[in-house]
Amino acid sequence: MPRRLQVRHVTTSAPGAGWLQSRESSKIGRVVARSYNVNEKLRGQASTDRSTEVVRYKGTAVLMRKLKMDGVADDTVSEDVLLLLREKKVVMTVQLMSNEIDPAAAAAGEALLSSEVSIEGLVNIFEPSTAENQLSSFDLEFAVPKTFGAPGAILVRSNIPIELLLLSFTLELPDKSCKALHYITNSWVYSTQNSEPRIFFRNKAYLPKDTPEALKELREKELQELRGDGTGERKESDRIYDYATYNDLGKPDEDPKLARPPLGGSAEFPFPRRMRTGRPPSKTSPETESRTPGVQSFYVPSDERFDYIKSSDNMANAARANGHAVEATSKIIAAKDESDNKSSSSFQSIEQVKQLLYASSSSSSSPLPKHKHDIGAPGSTNVSGEKNNQLLFPLPRILQVDDKAWQTNEEFAREYLAGFNPIQIELVKEFPIKSSLSPAEYGDPTSAISEKHIAGHLEGLSIEQAVSGKKLFVVDYHDVFLPWVGRINAQAENRKQYASRSLFFLSSDCTLKVLAIELTLPPSPAGGGKISRVFTPAASSSAAPHSSPSSSSSKKPDYLFELAKAHATNNDMTMQQSINHVARCHAVTEVAIIASNRQLSKLHPIYQLMAPHFRYTLQVNSGARFDLLSAGGAIEQIYTPGVYVFAMASAYYRDYWTFASNALPNDLIKRGMAEPDSNAKHGIKLVVKDYPYAVDGLEVWDARKTWNTDYIDMFYNDDSEIQKDTELQAWYEEYRSVGHGDKKQDVAAPGEGSWPELNSKTNLAFVLTTMQWIATAMHAPINYGLYDYAGFMPYRPAITRRLIPDHGTQEWEEFQGDPEKFFLSVISDTDTTTTAMSVFEQVSAHAPNEEYIDERSPFWTDDEKAQAAFKRYCDKLKEIDQLIQARNADKNLKNRCCGVAQLPFELLRPHSTPGVTAMGIPNSITA
């Protein structure tokens, strides 16, 4: 609970002191306030102006100082500053702004303002932090004329040279029948001695045309401040949102090998825009933004930063995951010292991977702890009563029931419908499959998978019948990867990759059976014949297309097909991370955040609707650009494409990304996984009925769209009001033409990919639902399933180091001599494995203060209809959660929890407990 301090009015010698001043500071009086002990009663004095009846509004301001992560006061505050703070009598003032025009200045349209109420005695805010004194609550009293009405905004001035968080501001009016007024705060306030006061609006939404006259100028002024003028280097205290290209991933001043091309602003490397920081160019590469020596982060506006709980949890997660990596590495080194092959960078057996990486206390009867943020000594217990084992990585759920299930082709196929990257599989519409790449450069476009590879495995159907019956499906990375494979394979001896196609058959029990995997190398030289190899599962292997799910323990792996799967899943890992995760979710959402803060006032109902979907994302993205995504960073280290990993993402954005195709129904239709059907529950009919991601996703999509539609109807009477909303139109135009400036001329067919016109309530609901979907339910499986589904490196290698040997070669003989050992020499080595697992563990965890799609601040709006509609939406999400659990328990739905791994699809359950859980949809991209 915050400490409660009281502020009282005292009289001054000025005539008429006590209640009113105009915006032009022609003072009728002023109020001075001092802090008192908790037990001292509030005292005050009414105005001496008897011609106006005075009433008193009682306010409560809750403040918090900036804390260091060790939980003590920020000791960057110098002794000189502390001395100044002790001497300051007035450190912060609050002023109320009425929605009414000041009668004395009606011609000028000036707003009616209260006097400034000053908060004094803030020095105790800088005492050493304890759980009891992190927050300080101040009771304020304002004397105003009875005609003042409900204030539409407050103006806050700070006279101290450090930042304070204005966590909340609440106002109670004399009329007890009126509910308390709340203001949109939770914002860091810096010194305003050389700037205008901070503006905080009440949580009442207005379209621009409905804005009270007294607030109109303030509304625009606040937006102008947030936009800035596009110049200068951003400072920590700035609140400016602006655009720049991704020209800060490279570090050419450190090493010419760390130079990277800017992403965005060119035909070759288009990309969404990021937050502008204005740093000067690098010395050796003017097109690349420099890095400030000694500064460990890039600028984001202060209100976008992590709060104390999120920051401390991130640090705990990093410490834990890195500790796991250190302990695993020490065990790996010890094992090498005891072996005959000390120089090997590979694991020596599958069992050794398990023994060296995972906590011995983990087993199939000991599920992955869901409260991973609880730090304790080994052997202690966390809040769930589970034993902590801090020494090694927790066992991923893919291994917990059957630790050989990952080698079955059943699980390999199932996860394209119910895994952590379930947005790639598509219907085969013609056979043989054909590429869209230029034959002159990449050779024959026809796939090497032919009738001979799949005949006899189609449950008696001909290929024509299988295609027309919508029974063939493919995960096709051929065209995305082939233009890059030559460059990737030339960069280092230990980076070797193919462009893959994985072909599946939909069996009569609605499960997928893998038919064949095609792996292709580009022509050398260009225009020659490309090199394609097709691999099919051996009839006796666990992967036989006609085999049925069962325990995998007695099945001998077919390591030739395991190698083919490793290369196919390696493509999938790169697609999941650099393209689907970073580009399609993180980068696209950053554009929406910037545009919303620049063009939509905090008063705008659409801003208030979208605000929870912005939380922490800019800080996450900024930190990732600084380290994880940067040249030489972890992503380049642990994924096969290396230095090309984000150039590939740029090429995908150029060739395939469209805004409208990210909407779930459009995405499913585009991939042939659904077809329009007005009689179907969600307006589309799924081709694969047991497609867990699509089935659960459509429930969430429709719930979200219904909520958005209900909300829009509260503020817009008809489509013309959408068209006339100046802020809304400016917002969408900037999002499209500036934030996605490289794609603003997207001319895809309507309904498939073109930018929808923002000319109707229906289209607005579609745009908002799509933006929200990207930041929530599209991102959630891709991110929060990473550790449980890909935390066992032999199953989902992020790196492939060798190609599959040809018959008759020395490498083939090596493979034949020890297939398992050769397999391990192909996939990630020991160092990149521990690095990847550390990264996966960190990003897969939910923080203790995660906010999910069924959560909002109780005071986000004062509109009772909006609150009621949001409650209906939350109730619907509870129903969906129960429905998902029931589906997972249904043994007739074999793609959910009936396979050998028995890993239920929970990635679209709306809520989660903290930690690594493989479930939960946060409101925003927070990892």
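**Overall make-up**

I counted 25 helices and 24 strands in the protein chain, taken as DSSP runs numbered from the N terminus (helices H or I, at least four residues; strands E, at least two). This is a predicted model, where local features need pLDDT of at least 70, side-chain atom pairs count only at pLDDT 80 or more, and totals for chains, interfaces and linings use all residues. Residues are numbered from 1 along each chain as its sequence is written, and side-chain values use heavy atoms, with hydrogens and water left out.

I looked up burial next. Of the 927 residues of the protein chain, 61% are buried (under 20% relative accessible area; exposed is over 50%, partly exposed in between; 1.4 Å probe, protein chains only). The chain exposes about 36,000 Å², by the Shrake-Rupley method with a 1.4 Å probe. Carbon and sulfur atoms supply 51% of that area.

Then I checked contacts (heavy atoms within 4.5 Å). Among those in the protein chain with a separation of 6 or more, 76% join residues 24 or more positions apart.

**Pair α3 and α23**

I took helix α3 (residues 308-338) with helix α23 (residues 830-843). Their axes come within 9 Å and cross at roughly 160 degrees. Axes are lines fitted to C-alpha atoms, for helices over the stretch in contact, and angles run from 0 to 180 degrees between N-to-C directions. The two helices are therefore roughly antiparallel (over 145 degrees). The crossing is right-handed, with the near helix turned clockwise from the far one by less than a right angle.

On the α3 side I noted residues including Asn317, Arg320, His324 and Lys336. Among their partners in α23 are Thr830, Ser838 and Glu841. The contact residues divide into 5 nonpolar, 8 polar and 3 charged. Here Ala, Val, Leu, Ile, Met, Phe, Trp, Tyr, Cys and Pro count as nonpolar, Asp, Glu, Lys and Arg as charged, and the others, Gly among them, as polar.

**Pair α9 and α14**

Helix α9 (residues 478-490) and helix α14 (residues 645-655) have axes that come within 10 Å and cross at roughly 155 degrees. They are therefore roughly antiparallel too. This crossing is right-handed. Val480, Phe481, Trp484 and Ile488 of α9 meet Ala647, Met648, Ala651 and Tyr652 of α14. I found 8 nonpolar residues in this contact, no polar and no charged.

**Threonine 913**

Where is threonine 913 found? I located threonine 913 in the loop between α25 (894-897) and β24 (915-916). Threonine 913 counts as partly exposed because its relative accessibility is 33%. Alanine 847 is 66 residues from threonine 913 in sequence. In space they are 8.7 Å apart, C-alpha to C-alpha.

Note on methods. Angles under 35 degrees count as roughly parallel, over 145 as roughly antiparallel, 65 to 115 as roughly perpendicular and the rest as oblique.
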